[in-house]
Amino acid sequence: MPSDVRVTIVGGGIGGLALANMFEKANITYIVLEKATTIRALGSSLGLDATSLPVMEQLGLLDDFYGASKALRHFNFYSDSLKTIGKVDFSDLKEIGGYPAIILDRPAFYNILLKNLPKHKILYNKRVLSITQNDEGATAKCSDGSAYLSDIIIGADGAYSAVRQNIYRSLKEKGLLSASDDKAMGYNQHCLVGVSEPLDPEQYPVLTEDYADFEIVIPKSEPFYAIYMPLPGNRMSWAVIQNVQRGDAEKGEGFRFSEWGPEATMEMANFVRHQPNPFGGTLGDIIDKSPNISKIMLEEKFFEAWYEDRVVLLGDACHKVVPSAGLGANLAILESVHLCNLLVDMPSATPENIAKVFQAYYHRRAPIAKAALGKSRQFGKVMGDRGPVSQLIRKLFLGHMPDKLTRQSNIQRVQYRPQLHFLPQISELGSCQPRPQEPRLVFRPSSV
C-alpha cells in the first residue's frame with residue numbers, strides 16, 4: 001500500500017468526497033480543493049443500491065445511510081387525471097443483492113460523507129484556474145494565488161470541470177482532442193427540485209411508511225412530469241422534469257447556469273403548480289411548503305478523453321448523465337472504488353505506473369459509463385416524450401411488464417458489486433451472486 005503517493009482531488013461533490021473516504025482507509029495522502037466557501041448540498045435527493053452500499057459498509061458508513069434514508073419499493077406512474085398507468089417493482093432488490101435501494105436527501109448524503117474526513121484536508125474557496133505538469137508532478141493553481149503540487153490530480157469537479165477544460169486545452173494543442181470532446185455540451189432537461197419542510201402525515205399518509213414509493217405523474221400533453229419521493233422526518237423530496245428537444249439541446253452553450261442555480265425558479269414553479277399530486281391537492285401545495293427550490297439545466301454527454309499524463313477525471317467531469325434514472329451517484333462512487341483499488345496497488349508514482357493505472361481505469365469504467373448514459377436517455381424518453389406512440393410505449397412498458405422481466409432487470413441492475421480489495425470483504429447476502437471482483441493490476445518489479 002503506497003505511503004508516498006500524493007493526490008489532489010478537485011471538487012467536493014459525491015465522487016470527490018467518496019474517494020476521500022477511501023483514501024483515508026488506504027492511507028493515501030490527499031487534499032480536496034473545493035471552489036465554494038462550503039460544501040453545497042442543494043437539490044433534491046439521491047439514491048444508492050447494492051452496487052455501492054457494500055463499499056459504504058466497508059467504510060463504516062452503512063448504518064448512517066440506513067438511518068437517514070428510506071428503502072425504495074415501487075415507482076408508481078399516473079396520468080394527470082391520477083389514473084394508474086403502471087408501476088416498476090424494486091421490492092426484491094434486497095433479496096437479490098443483499099441491500100435495498102435507498103433514497104435520502106442531498107444534505108444528509110453529504111454530511112455522511114464528511115463525517116470521517118479530517119477538516120484540514122478539505123480546502124475551501126479554491127477555484128482551480130490552471131494545471132501544469134512536469135517530471136516532479138502536477139500543480140493545480142487557484143484563483144487566490146495558491147498552488148498545490150502532487151503526483152496525481154483527480155478532477156471530480158462536475159459537468160463544467162475546470163480540470164477537464166485544462167487537459168482538453170492541452171490535448172487540443174497537441175492535436176489529440178476528438179471532435180466530439182471539442183463540441184460544446186448542450187442541456188437536455190429543465191428541472192425544478194426541492195425538499196419540503198415536515199408535512200402533516202394525516203394529509204400525506206405515505207410519509208408514515210417505512211418504505212418509499214416514488215409517485216410519478218405524467219401529463220398527457222404538458223411537456224413535463226413530476227416525481228414525489230418520501231423522506232424520513234415527514235418530508236417530501238420532489239422534482240419536475242421537462243425534456244429539451246435534441247435540436248434545442250445542442251444550442252445549450254449559452255445556458256451555463258451554476259450547478260444548482262436559482263434562475264427562473266418562480267417562472268417554472270408557477271407554470272407547473274396547478275398539476276394534481278397523488279395525495280390530494282396540487283404540486284403547488286408542496287412547492288409552497290418547500291423552503292429552498294431551484295431550477296437547474298441538466299446536461300448529458302460522454303467524454304472520450306478521461307486523462308492526460310498525471311491528471312484524470314471522475315464522475316460528471318467525464319460523463320454527465322441526467323438524474324432521472326438515478327445513476328449518477330452510483331457511477332461516481334464505483335469509479336472511485338476502481339481508481340482507489342488501482343492506486344493502492346501502484347508501487348510508485350512513476351509516469352509509467354500512472355499511465356498504466358489510468359489506462360486500466362478507463363478500460364474498466366468507460367464502457368459502463370457509456371451504457372449508463374444510454375439507459376438514462378431511454379428512461380428520460382419514456383417519461384418525457386408525448387403523443388399517442390409514447391403513450392402506448394408507456395402503457396406497455398409500465399403496465400404490462402411481466403414479473404419475470406422486471407426481476408431480470410433488477411438482477412442486472414445490482415449484479416456488478418465491486419469492493420475495496422484492501423479492506424475486509426463484505427460477505428454476499430443476496431440470492432444472486434455478483435460478477436467476480438476485478439483482477440488486481442500487476443506491475444513489473446522494475447517499476448518499483
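The model is a predicted one. Helix H1, residues 14–26, packs with helix H11, residues 328–345, and also with helix H5, residues 106–114. A search of the whole structure finds one cavity of 30 Å³ or more.

**H1 and H11**

- The axes of H1 and H11 come within 9 Å and cross at roughly 30°.
- Because angles under 35 degrees count as roughly parallel, H1 is roughly parallel to H11.
- The crossing of these two helices, H1 and H11, is right-handed.
- On the H1 side, the contact is made by Ile14, Gly15, Ala18, Leu19, Met22, Phe23 and Ala26.
- H11 contributes Ala329, Ala332, Ile333, Ser336, Val337, Cys340, Leu343 and Val344 to the contact.
- By residue class, the contact of H1 with H11 comprises 13 nonpolar residues, two polar residues and no charged residues.

**H1 and H5**

- The axes of H1 and H5 lie 9 Å apart, and the helices pack at an angle of about 25°.
- H1 and H5 are therefore roughly parallel to each other.
- H1 passes H5 in a left-handed crossing, whereas the crossing of H1 and H11 is right-handed.
- From H1, the residues Ile14, Leu17, Ala18 and Asn21 meet Phe109, Tyr110, Leu113 and Leu114 of H5.

**Residues of H1 in both contacts**

- Ile14 and Ala18 are among the H1 residues that contact H11, and Ile14 and Ala18 are also among those that meet H5.
- Leu19 and Met22 are listed among the H1 residues in the contact with H11, while Leu17 and Asn21 are among those that meet H5.

- The largest cavity holds about 30 Å³ of space.
- Its lining is formed by Tyr416, Arg417, Pro418, Arg435, Pro436, Gln437 and Glu438.
- The lining of the largest cavity divides into three nonpolar residues, one polar residue and three charged residues.

Methods: Residues numbered from 1 in each chain as written. Predicted model: local features only at pLDDT ≥ 70, side-chain atom pairs only at ≥ 80, totals over all residues. Heavy atoms only, no water. Axes fitted to C-alpha atoms, helices over the stretch in contact; angles between N-to-C directions. Helix = DSSP H or I, 4+ residues; strand = E, 2+ residues; numbered from the N terminus. Parallel < 35°, antiparallel > 145°, perpendicular 65-115°, else oblique. Left-handed = near helix turned anticlockwise from the far one by under 90°. Contact = heavy atoms within 4.5 Å. Nonpolar A, V, L, I, M, F, W, Y, C, P; charged D, E, K, R; others polar. 1 Å grid on protein atoms, 1.4 Å probe; cavity = no way out; pocket = protein on both sides within 12 Å on 5 of 7 lines; lining within 4 Å. Points joined across faces, edges and corners; volume = space filled by probe spheres on them.
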